[in-house]
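I opened the model to go through the sheets, the helix contacts, the ligand shell and a few backbone angles. My entries follow in the sequence in which I looked things up.

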Amino acid sequence: MVHKYGPHIFHTDNERVWEYLNQFTTFMPYTNRVKTTSGGKVYSLPINLLTINQFFGKAMSPDEARAFIESQADMSISNPETFEEQALRFVGPDLYEAFFKGYTQKQWGCSPTQLPASILKRLPLRFNYDDNYFFHKYQGMPVDGYTAIVEGILDCPNVSVTLNHDFEKSQGKGYDHVFYSGPLDGYFGYSEGRLGYRTLDFKEIRGDGDYQGCAVMNYGDESVAHTRIAEHKYFSPWEAHEKTVCFAEYSRACEEGDIPYYPIRLTEEQALLKHYVDIASKASNVTFMGRLGTYRYLDMDVTIAEALSAADQALALIAKKEPIPPFFTQPL
Ligand SMILES: Cc1cc2nc3c(=O)[nH]c(=O)nc-3n(C[C@H](O)[C@H](O)[C@H](O)COP(=O)(O)OP(=O)(O)OC[C@H]3O[C@@H](n4cnc5c(N)ncnc54)[C@H](O)[C@@H]3O)c2cc1C
């Protein structure tokens, strides 16, 4: 029940995905409520009315808080281009410094002035006391963990599994078609260069009792090197444990041999991605899928929805004896 590749909470609005996964597990009710430490104090995330009132030492109503935040926002920025400008325009300098600046700098390894405004699309504030991190209709944790789900999916007479084996293009030769969910650039031997990712280092913390009293604690200050700490027993609140295991996450540039976690997708990477998409579009008998195959950040439910849809489309094409395309979802 310890999430080896970082904490994973399942959440979706997609009925088909929810029903599909429920064949393989029972989801236990779980609501993700994140906290953040900033300037030596603890607040609730996403920034909600409790966060705003605590941070400014006030007791504002929703309308008062809305008007107050508008008075903080930098309205002189009419057309925000960078993440920093967008945040200053939405929330003003104080909340930006406390909750966005340091965290973003650590997560992406560059200044928020170098990131596009599009990363912060909507107003990232709530003017009520809702601290549920996700908006989706379904949210939960699989009672026996994610491995049991994957085992259930693979437990099918038509599926054979080879583990601990690096896929190479030549292996596809024995098959009519390959659905490839490894890295797009890796499939082509990184011939055009490596698509940029951030990777994570996890520092394990073990102890007795409770370490932090919640599942996820973010750290907004730049002076604290980790971005967050996850205390894994809080992801399965139906279990009781006297001891505890946590992981602090440190974000850095992904080098050769590291696990690629977050695609960077800035201007430079988009240009390289375009090269790979051009090459891939000419390939036959292979379809690139998933987060690595399409170089996108995808939540689990989106990945599964895309895979189910790709299967529908591929089966229909096979029935018509038509070729299966390299992409069902375009990476660009
Ligand atoms: C830190 C973190 C936290 C996340 N938290 C959440 C969350 O809370 N909720 C949520 O919905 N989503 C979350 N996600 C997203 C989730 O991890 C992805 O949606 C999911 O992993 C995508 O599945 P995938 O099959 O496309 O890719 P992956 O799960 O990465 O699977 C690709 C597989 O291919 C293997 N592979 C790569 N290259 C080769 C090769 N050459 N040969 C053989 N095998 C290869 C890899 O080892 C890997 O097992 C999180 C992601 C990260 C990075």
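Which residue in β8 is the bridge partner of Lys35? I found Met217 there.

**Entry 1: ground rules.** The model is predicted, so I kept its limits in mind: local features need pLDDT of at least 70, side-chain atom pairs count only at pLDDT 80 or more, and totals for chains, interfaces and linings use all residues. Residues are numbered from 1 along each chain as its sequence is written. Helices (H or I, at least four residues) and strands (E, at least two) are DSSP runs, numbered from the N terminus. I take two strands as paired if DSSP finds at least two bridges between them.

**Entry 2: the seven-stranded sheet.** I read off the order β4-β3-β8-β9-β10-β7-β11 for an open sheet with mixed pairing. At the edges are β4 (41-45) and β11 (262-263), each with a single partner strand, so one side of each has no neighbour in the sheet.

I then went through the pairs. Strand β3 (residues 34-38) and strand β8 (residues 216-219) run parallel and are joined by four bridges. Val34 stands opposite Val216 in β8. On β4, β3 has an antiparallel partner, with five bridges between them. Ser38 has Lys41 of β4 as its bridge partner. The hairpin of β3 and β4 has two residues between the strands, and Gly39 in this hairpin takes a positive phi near 55°.

How many bridges join β7 to β10? I count 11, in an antiparallel pair.

**Entry 3: the three-stranded sheet.** I found an open sheet of three strands in the order β1-β5-β2, with antiparallel pairing. Its edge strands, β1 (10-12) and β2 (27-29), each pair on one side only. From one strand to the next the twist averages 45°; axes here are lines fitted to C-alpha atoms, for helices over the stretch in contact, and angles run from 0 to 180 degrees between N-to-C directions. Three bridges link β2 to strand β5 (residues 138-142) in the antiparallel sense. The partner of Phe27 in β5 is Pro142.

**Entry 4: helices α1 and α9.** How do their axes cross? The axes of helix α1 (residues 15-22) and helix α9 (residues 300-319) come within 9 Å and cross at roughly 90°. That makes α1 roughly perpendicular to α9 (angles under 35 degrees count as roughly parallel, over 145 as roughly antiparallel, 65 to 115 as roughly perpendicular and the rest as oblique). From α1, Arg16, Val17, Tyr20 and Leu21 make the contact, and from α9, Asp301, Ile304, Ala305 and Leu308. Contact means that the C-beta atoms of two residues, placed from the backbone, lie within 7 Å. I sorted the residues of this contact into six nonpolar, no polar and two charged. The classes are Ala, Val, Leu, Ile, Met, Phe, Trp, Tyr, Cys and Pro as nonpolar, Asp, Glu, Lys and Arg as charged, and the others, Gly among them, as polar.

Entry 5: I noted a division of the protein chain into domain 1 (1-33 + 133-161), domain 2 (41-119), domain 3 (167-195 + 261-332) and domain 4 (197-253); the bounds come from an automatic or database domain assignment. The centres of domain 1 and domain 2, taken over C-alpha atoms, are 33 Å apart.

Which residues come nearest to the ligand? Of the 21 residues around the ligand, these are Gly6, Gly182, Gly290, Asp299 and Met300. A residue is near a molecule or strand if its C-beta atom, placed from the backbone, lies within 6 Å of it. The shell divides into 10 nonpolar, seven polar and four charged residues. Domain 1 and domain 3 each give the shell at least three residues. Helices α8 (290-293) and α9 each supply at least two.

**Entry 6: backbone angles.** Most residues other than glycine have a negative phi, and most peptide bonds are trans. I logged a cis peptide bond from Leu45 to Pro46, with omega near -15°. Pro46 lies in the loop between β4 and α2 (49-56). Arg265, a residue other than glycine, has a positive phi near 55°. I located Arg265 in the loop between β11 and α7 (267-281).
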